[in-house]
Amino acid sequence: MDETEFWELVDTTREAAEGDPEEQADLLVERLVQLDPDAVLDFARHFEARYNRAYRWDLWGAAWVLLDGASDDAFDFFRCWLIGQGREVFEGAVHDPDALADLLEDFDEEIDGDGEELGYAADEAYEQLTGSVAPDLGIPPAAAEPEGAPLDFENESVVAERYPKLWDRFRD
């Protein structure tokens with residue numbers, strides 16, 4: 001599975017789920033079990049590589065604004081959700097997290113921002129196909145600390161200054 005096929009699966013399942021990340025995860029599992037186990041592992045590698053790439057302080061700050069605070073776990077689930085939003089949103093957010101204010105049509109804290117189940121879709125599909133746990137993906141592990149310079153998320157003026165568009169749209 002190449003990168004284009006990965007993003008096509010993400011996009012088609014998001015659209016079919018009408019943006020609901022739990023439904024999207026269920027649809028992803030359904031689609032992945034139609035593939036062979038090696039393709040499922042390829043999908044998992046693509047997902048994990050992007051998940052690790054999004055482990056950045058500036059993205060954590062964007063999650064903090066959107067979610068009105070974001071613990072370690074909440075940021076983990078936010079990164080899964082962000083991948084689930086598709087290539088354009090993901091790449092745009094990695095390039096400039098404040099651009100999420102323009103990239104997102106809407107953001108409902110009750111539904112959006114938590115894609116925990118998306119992070120397990122490939123593992124679940126692999127287990128259904130093979131009856132065993134997925135092997136190590138053979139990609140470098142995530143860094144111990146997020147990339148970039150930490151921000152004082154508790155200081156609203158610092159966060160509002162760093163993310164002016166997100167702050168204006170989702171916090172004012």
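Buried here means under 20% relative accessible area, exposed means over 50%, and partly exposed is what falls in between (1.4 Å probe, protein chains only). This is a predicted model, where local features need pLDDT of at least 70, side-chain atom pairs count only at pLDDT 80 or more, and totals for chains, interfaces and linings use all residues. Residues are numbered from 1 along each chain as its sequence is written, and side-chain values use heavy atoms, with hydrogens and water left out.

**View 1. Arg-50 pairs up with Glu-3 in a salt bridge.** The term covers a side-chain nitrogen of Lys or Arg within 4 Å of a carboxyl oxygen of Asp or Glu; here the N to O distance is 2.8 Å. The two partners sit 47 residues apart, Arg-50 in helix H3 (residues 37–53) and Glu-3 in helix H1 (residues 3–16). Helices are DSSP runs (H or I, at least four residues), numbered from the N terminus. Arg-50 is buried at 10% relative accessibility, while Glu-3 is partly exposed at 30%.

**View 2. Glu-91 and Arg-53 make another salt bridge.** Their closest N and O atoms are 2.7 Å apart.

**View 3. Glu-156 reaches Arg-171.** The closest N and O atoms are 3.7 Å apart. Arg-171 is partly exposed, at 22%.

**View 4. Arg-56, Asp-58, Glu-147 and Arg-162 join in a salt-bridge network.** The model's salt bridges come to twelve.

Conventions. Helices (H or I, at least four residues) and strands (E, at least two) are DSSP runs, numbered from the N terminus.
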